[in-house]
Amino acid sequence: MYVIIMGGGQVGVNLAQKHLAARDEVLVIEQNKNELEWITRKLNKDYVLFGDGCEVSVQNEAGMIRADMFIAATKQDEDNLIACQIAKNHFNVKTTVARIHDPKHESIFNAMGIDIIIDDTNVVISELEHRIVKTPVESLLEIPSITSQIVKVIIPDNGRVVNQLVKDIKLPDETVIMGIFRKDLPLIKPDVQTYYMAGDMLVVCVKEESREALLKILTK
Amino acid sequence: MKIIIFGCGRVGSRLAVLLHSLGHDVSVIDYNPDAFLKLPETYKGTNILGNGMDDDVLRRAGIEKADALIAVTQGDNRNIMVSEIAKYIYNVPKVITRVYDPVRCEMFGKLGLDTSSPTLTFTNAISEDLLQGWAVPEPSDPKEEEPEKAEDPKEEVAQ
């Protein structure tokens, strides 16, 4: 099987290595010179092509015409979509795979006939949800250099903040609510109209020294 | 018409002013707040600050009720993708897409988008303009024709 991968840094390289191990033929297309150097060090230079994978001429040079699978794994959703459409419509690649970062883009990738869509954000979120156990405040990630950490907070049933607007509750300085998980709803990004509700699970970035204060405000 | 313009560059801003002056309901999207400085104070259309590929931003610009969307950012892929979203997800009746790359312009034109490549148009216009009158000298009376024909293109270039 011939697999062509466009971009993707760590993901792209690891994917390439997996396919190489499975004895597939692999080519990584990369347009960033710095990335290219790094990828070439990780893989053999024969498996790397310098260029913009959204250009028809570059796809042609990569031998897209005989590729069985094309994986677009850059950080730009629009580049991934257009490269996949070219591979599919112009070079008739059987399977096109695209990585997307904005979950709302899934519908257009579907409509344009991309075969496999990997939603980065939802993969991470569902993994987070899966692993988080329900305790009032739990540290998810410590960021040593800036003494901040990312924590999970659950709003208790009879908490003071329940039914209050998020914007009306003053939190300690340098505290940011990154998102709210509420029952089966998609991840909520709090805005001026968002209320706290009992059972909400918040993912919050907070200074280490403000953690206790945050806990008091949200869970008392 | 309700018209959304994606990208407030030279073309986007000019179009916005023109269409607004003709009485259309215009919304311009750009992620760079400075881009809106190109619009004169007399312009009273709507400016939407944000990434036009973000669904919330498109809805804020009124894509659900738009009659037309024009994608004129600097990114070909961005223009194509937002046009596809407008055409296939929101069923916007008229979608025009600027694609600098002539190859992608033709390809996505064939796939159903109304694409236009300034690269192609401009190259053709210039070469036509430049070579006007530069017909290969006819073997019959080369002495009469040649000097006059050589003048023309020089004038055009100087303009």
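Student: Which helix of chain A gives the most to the lining of the largest pocket?

Tutor: Keep in mind that this is a predicted model. Helix 6 of chain A gives the most, with 5 residues.

Student: How much space lies in the largest pocket?

Tutor: About 770 Å³. The lining has 21 residues.

Student: Which residues lie nearest the pocket centre?

Tutor: P103(A), K104(A), L187(A) and K189(A) from chain A, plus D56(B) from chain B.

Student: How does the lining divide by class?

Tutor: Count 10 nonpolar, 8 charged and 3 polar residues.

Student: Now the helix packing. What describes two packed helices?

Tutor: The angle between their axes and the distance between the axes. Here, take helix 1 (residues 9-21) and helix 2 (residues 33-42), both of chain A. Their angle is about 25°, and the axes lie 11 Å apart.

Student: Are these two helices roughly parallel or roughly antiparallel to each other?

Tutor: Angles under 35 degrees count as roughly parallel. Helix 1 and helix 2 of chain A are therefore roughly parallel. Their crossing is right-handed.

Student: Which residues meet where helix 1 and helix 2 of chain A pack?

Tutor: Helix 1 brings G9(A), Q10(A), V13(A) and Q17(A). Helix 2 brings E35(A), W38(A), I39(A) and K42(A). By class, this contact has 3 nonpolar, 3 polar and 2 charged residues.

How values were computed
Residues numbered from 1 in each chain as written. Chains lettered and ligands numbered in written order. Predicted model: local features only at pLDDT ≥ 70, side-chain atom pairs only at ≥ 80, totals over all residues. Heavy atoms only, no water. 1 Å grid on protein atoms, 1.4 Å probe; cavity = no way out; pocket = protein on both sides within 12 Å on 5 of 7 lines; lining within 4 Å. Points joined across faces, edges and corners; volume = space filled by probe spheres on them. Helix = DSSP H or I, 4+ residues; strand = E, 2+ residues; numbered from the N terminus. Nonpolar A, V, L, I, M, F, W, Y, C, P; charged D, E, K, R; others polar. Axes fitted to C-alpha atoms, helices over the stretch in contact; angles between N-to-C directions. Parallel < 35°, antiparallel > 145°, perpendicular 65-115°, else oblique. Left-handed = near helix turned anticlockwise from the far one by under 90°. Contact = heavy atoms within 4.5 Å.
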